[in-house]
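Hi,

Here is the structure I promised to pass on. Have a look, and my notes follow below.

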Amino acid sequence: MDYSFDEDQEAYRTEVARFAAKVLAPHYQSDDKKAEFRRQLALDMAGMGLTGLRIPEQYGGQEATALIAGIAAEEVGRHDFNATYLIINTALISDVIVRNATDEQQASWLPGIASGETVPCICITEPGHGTDAAAMEVKAVPGEDGGWMLHGEKTSITLGMTADRAVVLARTGGPGARGISAFWVDLSHESVTRSAFDDLGGRSIGRASLHFDGTPIAADELIGEEGGGFVSVMQGFDYSRAIIGLACIGAASESLDEAVQWSRDREAFGQPIGRFQGVSFPLAECATHLRGARHVCLEALWRKDNDLEHSEEAAMAKFWAPKLAAEVIHQCLLTIGHVGYSSEAKVGQRLRDVIGLEIGDGTAQVSKLVISRHLLGRAYAP
Ligand SMILES: Cc1cc2nc3c(=O)[nH]c(=O)nc-3n(C[C@H](O)[C@H](O)[C@H](O)COP(=O)(O)OP(=O)(O)OC[C@H]3O[C@@H](n4cnc5c(N)ncnc54)[C@H](O)[C@@H]3O)c2cc1C
């Protein structure tokens, strides 16, 4: 066993940490206040290779391991949690494209994602179908020249107000997962309209509903086989869940560092507050739980990189890390007292922001369903 990053991984971690502290951190709170996505963010992230992590080098990407994507998410999560959505989205979407699209499609679509010029989103959720996504109703009906026309509404889409292109799952056949296909849809067409959510957190990512009113899809914008879209997209979620876990752990670890420093500096009753067990013991618990959850996330990514089954570990990462991060950040906010409650401190915003990923990409219940099935066997689990 080896519990440390190797030299290259550690050097990469340091490089991303430096970039995130210098380039991303200054915008974390101002982007939240403006509540809109800053296009320059995608270009800055792309400049560091963070939008092309899972893209082959021949298409302008980094061709990085899943573990490297996790390291990047954790360090970016420390400084600008909302910027991690770009890592999560681009890694998930480019992975779907690399695994399922033709060489010509990859050559045409992936360089734009890697360069930050194409901001992509993924459209699965609908107003009537979230967790039970396989029951989705948005339809792609045959159009001209072997293509399709898209009709219906997708909702709760990360980067939905900004994205240029979307992986859209839509029904092309009968009921259930096998009637669903995946498409690479141009969102600049006039038949696409968007409406923004006014969210508690993640305010700079422009979560939105997208309405498709006969949006054209060309014949060569089908990803993989007709009817194979649901499975090919869902396979990518496994490891992206561990990346989400690390993004949340990054935000919580940064909050813990701030609370620890505060506990050294702040005095009450003539001594640093850290000398009160009521202050230091909760922080000790936070540090312990964070380390445990971090190991689960890293194990899931290590298993992915070694072609080992990892859906159970990824489900553990997804249900545990965002929930734990919210609890830890809450504790840190209380440790910092009235100053932590002010919008000048970052802890309050981090708390609002991480809660979103307790829901996004699947709730804890869905993850526990996966874990129970591994634990008990399908015949004995919900
Ligand atoms: C910040 C954020 C970003 C998101 N980004 C995207 C995106 O980019 N693209 C996209 O397509 N979607 C996105 N989503 C949507 C997200 O994937 C869905 O919200 C999620 O799948 C849950 O669906 P729902 O909210 O409709 O809840 P529902 O499915 O209506 O569930 C409501 C509650 O019931 C529980 N529940 C449902 N079924 C079961 C069951 N079988 N057993 C136990 N409990 C159950 C759920 O856990 C939940 O607590 C995002 C959501 C958020 C909050």
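How many salt bridges are there between domain 1 and domain 2? The count is one, with a salt bridge being a side-chain nitrogen of Lys or Arg within 4 Å of a carboxyl oxygen of Asp or Glu. Arg39 pairs with Asp164 in a salt bridge, and their closest N and O atoms are 2.7 Å apart.

Before the rest, some housekeeping. This is a predicted model, where local features need pLDDT of at least 70 and side-chain atom pairs count only at pLDDT 80 or more, while totals for chains, interfaces and linings use all residues. Residues are numbered from 1 along each chain as its sequence is written, and side-chain values use heavy atoms, with hydrogens and water left out.

The domain assignment (automatic or from a database) gives domain 1 (7-118), domain 2 (121-227) and domain 3 (234-380). Together they bury about 1800 Å², 67% of it on carbon and sulfur atoms; that is the accessible area (1.4 Å probe) the two parts lose on being put together, summed over both.

Then there is helix 5 (residues 84-100), helices being DSSP runs of H or I, at least four residues, numbered from the N terminus. Its 17 residues should span 24 Å at 1.5 Å a residue, and the end C-alpha atoms are 24 Å apart, which agrees; the expected span is 1.5 Å times one less than the number of residues.

Cheers

Terms used:
Helix = DSSP H or I, 4+ residues; strand = E, 2+ residues; numbered from the N terminus.
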